[in-house]
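Please read them with the coordinates open.

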Amino acid sequence: MMKLQIITYLLFAGLFTVSAQAALHDRGNGMIYDDELEITWLKDANYAHTSNYAANNATGSLNSSSTNIQADGSMGWDAAKAWAAQLVFHGHDEWRLPSSNLIDPGNTCCNPVDFSEGEMGHMYYNNLGNTLQDSTINKSYENGSGNTINILNLQEANYWLEEEAMAYSAWNFNAGDGFQTSFAKHMSYYAWAVHDGDVSAVPIPAAAWLFSSALIGLIGLKRKT
């Protein structure tokens, strides 16, 4: 009986222990989970283009209005937010643009904070290991165990962020040089969708149910012997 109790303890510890080292996890189905920020990214950083959403909804000319959509996936800020809001990916909705986090909404340019504090800055600097104004942009994540996560279709250009800077401008992050700034909403920039939480993970209640079922089976076998 003591041996069964030890096994039970180890199984529970393994089920509910979370790694202390922050990392990206490829969840399959085109989704990547950041366990430090607790958000899920689309693996495709220009899904608006590859899904044909941009081509099918193209409207307005380049940099013409905040609702312009270009066939290459770039679009105005309002169009980018609308694209993320309407997105349903593998059954998951409620997607959004990455947050600028600590950027001061009252500053219209380059607030002197660490650009890595924003969600896209965290991906660019902390996860992908880039530095400010890198000559070569790294677009893959190495987890230290020989497993590499490649970000697909990451444009070395500006990406819209979730927050408005002023009535006519919004925050964006440049994946080509690492700067986070604000520009007029009518500019045609790219959009990368994120979702709060680990949307592709097995829910804990389900995992716990499977564990308890297996545990009951073990106890039953123990009693029979």
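**Notes on the predicted model**

1. I begin with strand β7, where six of the six residues are buried, so the strand is largely enclosed by the rest of the structure. The model is a predicted one, and the remarks on confidence in the last point should be kept in mind throughout.

2. The surroundings of β7 in its sheet can be described next. Three strands form an open antiparallel sheet in the order β6-β7-β8. In this sheet β6 and β8 stand at the edges, each with a single partner strand, so one side of each is left without a neighbour in the sheet. From one strand to the next the twist averages 35°. Helix α4 packs on the sheet by touching β6 and β7, and its direction makes about 105° with that of β6. Helix α5 also packs on the sheet, touching β6 and β7, but its direction makes about 10° with that of β7.

3. The pairing within this sheet is given residue by residue in a few places. Five bridges join β6 to β7, which run antiparallel, and the two strands form a hairpin with two residues between them; M166 has S169 of β7 as its bridge partner.

4. Which residues of helix α4 (residues 77–86) are buried? They are W77, A79, A80, W83 and A84. Seen down the axis of α4, these buried residues fall within an arc of 160°, so they line one face of the helix. An α-helix has 3.6 residues a turn, so residues three or four places apart point the same way. The buried residues of α4 pack against β3 (39–42), α2 (47–50), α3 (53–56), β6 (158–166) and β7 (169–174).

5. Of the 48 residues in the largest nonpolar core, L42, W83, M120, L154, Y159 and W192 touch the most other members. The elements that give two or more residues to this core are β2, β3, α3, α4, α5, β6 and β7, and the largest share, five residues, comes from α4. Leaving out residues up to four places away in sequence, W83 touches L42, Y47, A48, Y53, M75, A191, W192 and A193.

6. A second open sheet is built from four strands in the order β1-β2-β3-β9, with antiparallel pairing. Here β1 (24–28) and β9 (194–196) stand at the edges, each with a single partner strand, so one side of each is left without a neighbour in the sheet. The twist averages 25° from one strand to the next. Helix α5 packs on this sheet, touching β1, β2, β3 and β9, and its direction makes about 80° with that of β3. Strand β2 (residues 31–34) is joined to β3 by four bridges, the two running antiparallel, and T40 in β3 is the bridge partner of Y33.

7. H122 lies in helix α5 (residues 119–127) and is buried, with a relative accessible area of 4%; not counting residues up to four places away in sequence, H122 touches D34, E36, L37, S116 and N127. D196, in strand β9, is partly exposed, with a relative accessible area of 48%. Leaving aside neighbours within four places in sequence, D196 is in contact with E38, I39 and R96. D196 and W41 are 155 residues apart in sequence, and their C-alpha atoms are 9.0 Å apart in space.

8. Finally, a word on confidence. The chain averages a pLDDT of 82, and 73% of the residues score at least 70. Over residues 1–20 the pLDDT is below 50, and this stretch has 14 contacts in the model beyond near neighbours in sequence. The pLDDT also stays under 50 over residues 204–212, for which the model has nine contacts beyond four places in sequence.

Key
Residues numbered from 1 in each chain as written. Predicted model: local features only at pLDDT ≥ 70, side-chain atom pairs only at ≥ 80, totals over all residues. Heavy atoms only, no water. Buried < 20%, exposed > 50% of the residue type's maximum accessible area, 1.4 Å probe, protein only. Contact = heavy atoms within 4.5 Å. Arc of directions from axis to C-beta. Pairing = 2+ DSSP bridges. Axes fitted to C-alpha atoms, helices over the stretch in contact; angles between N-to-C directions. Core = buried A, V, L, I, M, F, W, Y, C linked by side-chain atoms within 4.5 Å. pLDDT = per-residue confidence, 0-100.
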